[in-house]
Amino acid sequence: MPNGVTARTAAPPAPRGKVSLGTKLAFSSGALEEAMIGAAGIATMVFYNQVLGVDPWLCGMVFFVASVVDAVSDPLVGSLTDNFHSRWGRRHPFMLLAVLPLALAFYLMYAPPADLSELQYFWWFLGTMVLLRLGKTFYAIPHDALGAELTDDYHERTSVFGYNSVAGLAASAALGVAVLVVIFPSTSEYENGLLNPDQYPVLALFGAAWIAVTLFICVIGTRNQIPNLHRVDREKVRVAAYLSDLFVLIKSRSYISVCAAWLVMATSGGILAVVATYTFIYCYELSTETLTLQRFVAIPGILVAIPLASYLTRVLDKKMTVVYTCIVCATFVGLPHFLRMIGAFPDNDSVWLVPMLFGSLLIGLLALPVVPIAIDSQLVDVADEFEYKTGRRAEGVVFSIRSFAIKATVGIGGLVGGFGLEIIDFPEDASAETLTPEVLNGLLFMTGPLYWIIVFSGMLFMALYNLNRTRHDEIMAVLEVRRAARQDPQAAAGVGT
């Protein structure tokens with residue numbers, strides 16, 4: 001055992017290999033709250049900017065400040081859950097306590113008081129966003145860490161997070177349709193239903209109820225796994241130990257590679273989340289009903305995500321699966337906007353507009369769900385590498401980057417998107433007929449070429465990842481001997497490094 005390694009992690013009572021379907025489904029229900037937040041995100045910027053009149057740069061500052069809070073809170077909460085002790089284990093108490101603030105923050109965000117000033121709406125938006133992010137921190141990080149503890153198998157963990165990802169994507173597609181068609185339908189007064197202020201309290205109430213119910217399902221449904229999870233010896237959590245753990249992770253080439261790539265890709269997704277709605281509404285003049293096609297074209301990719309992720313990661317391993325998939329998928333996602341910029345895409349009155357626009361998106365989204373599945377699986381491998389180096393488990397700290405990256409989708413990406421709208425001088429009370437070609441091209445640039453630049457930059461970081469199947473097998477062989485040695489001290493002499 002390396003110098004300085006402390007045997008703090010107790011051996012699990014049973015080998016963690018295959019995970020039952022019931023456990024996978026219960027764990028996956030925890031992704032449904034993010035699906036609701038993501039579906040509502042279609043309307044967030046439009047609501048505060050176009051409906052309530054808050055300048056886009058102020059909206060961008062809300063996303064930025066919330067991301068700064070996340071950058072501090074996420075790793076701290078991750079470390080806290082790694083070292084917490086209770087009869088409900090390390091993860092479940094935090095998940096349960098997060099239900100109320102998360103649901104309440106969602107409701108308040110979309111049901112603000114009437115007749116506030118622009119500055120007052122800004123502060124309301126900021127306060128509810130920070131509360132939402134903190135609630136998500138206390139739920140999402142222990143939830144992800146829980147998934148990392150369910151199995152030690154290199155490929156089975158891809159399946160666990162595959163179910164989680166597919167559940168989130170499927171719910172996101174369904175909820176996205178519900179938000180656009182049921183909650184914000186087009187009317188004679190509002191051709192684009194997202195501009196209808198009377199419907200936002202409906203979104204607030206439905207979303208808050210959805211979040212509360214799905215979180216309870218996950219907490220209750222996975223409680224039977226508590227005895228099978230990693231257990232740690234009771235010891236006082238010290239700041240020095242926490243900083244030491246962070247230093248070990250910072251020195252890990254694979255961890256830094258995944259973190260950097262994931263954050264860069266999340267930023268690109270955040271720009272799309274903020275700006276793509278504007279692009280579809282004002283550049284292509286699509287109704288909210290037509291916008292639902294975004295959700296339907298995502299369905300084929302969701303259906304094949306788990307078997308495709310399993311196949312690609314076995315053939316290409318995890319790193320190259322992420323690299324190749326991102327490059328190909330991003331190309332098709334941004335292609336229509338680039339072609340429209342250079343005048344090579346059908347006009348808005350053409351019968352070919354919708355088929356070509358969403359056909360390209362269909363191809364782009366066909367394999368894209370594989371990416372978060374592979375990255376989640378990579379992070380679990382990093383947690384094993386961390387235990388190999390330190391003798392401690394730190395899934396909470398390791399997975400804090402995942403939670404931060406998901407929130408950065410509307411955080412850093414929202415900041416860039418908000419300031420981008422300010423730079424192109426996007427007006428309040430906009431209409432497709434009055435927008436200048438320069439403003440329209442600005443929207444197309446952010447959802448096309450700028451999106452490409454950011455995604456492809458992320459792949460440069462992913463190329464540094466060096467934790468493959470062979471290296472992971474070597475690490476697990478050592479960890480299995482160490483864990484056995486803790487139960488049988490006489491076997492300690494056989495522990496290698």
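In which helix is E149 placed? E149 belongs to helix α6, which covers residues 118-149. The model described here is predicted.

**E149**
- The relative accessibility of E149 is 1%, so this residue counts as buried, the cut-off being under 20%.
- The side chain of E149 makes a polar contact of 2.9 Å with the side chain of R91.

**Aromatic pairs**
- Across the whole structure, a search identifies 18 aromatic pairs.
- One of these is the stacked pair of F47 and Y200, with 4.0 Å centre to centre and 20° between the planes.
- Because F47 lies in helix α2 (residues 32-51) and Y200 in helix α8 (residues 200-221), this pair ties together parts that are 153 residues apart in sequence.
- F47 and Y200 are both buried.
- Y48 and F125 also form a pair: the ring centres are 4.0 Å apart and the planes stand at 10°, so the pair is stacked.
- Y48 in helix α2 and F125 in helix α6 are 77 residues apart, and their pairing links distant parts of the chain.
- Y48 and F125 are both buried.

**Aromatic cluster**
- One aromatic cluster is formed by F47, Y48, F63, F106, Y110, F125, F184 and Y200.
- The residues of both stacked pairs described above, F47 with Y200 and Y48 with F125, are among the members of this cluster.

**Charge over a ring**
- R471 is positioned over the face of Y388, at 5.2 Å from the ring centre.

How values were computed. Residues numbered from 1 in each chain as written. Predicted model: local features only at pLDDT ≥ 70, side-chain atom pairs only at ≥ 80, totals over all residues. Heavy atoms only, no water. Helix = DSSP H or I, 4+ residues; strand = E, 2+ residues; numbered from the N terminus. Buried < 20%, exposed > 50% of the residue type's maximum accessible area, 1.4 Å probe, protein only. Polar contact = N/O pair within 3.5 Å; in protein donor to acceptor, adjacent residues only side chain to side chain. Phe/Tyr/Trp six-rings, centres within 6.5 Å; stacked < 30°, edge-to-face > 60°. Lys NZ or Arg CZ within 6 Å of the ring centre and 35° of its normal.
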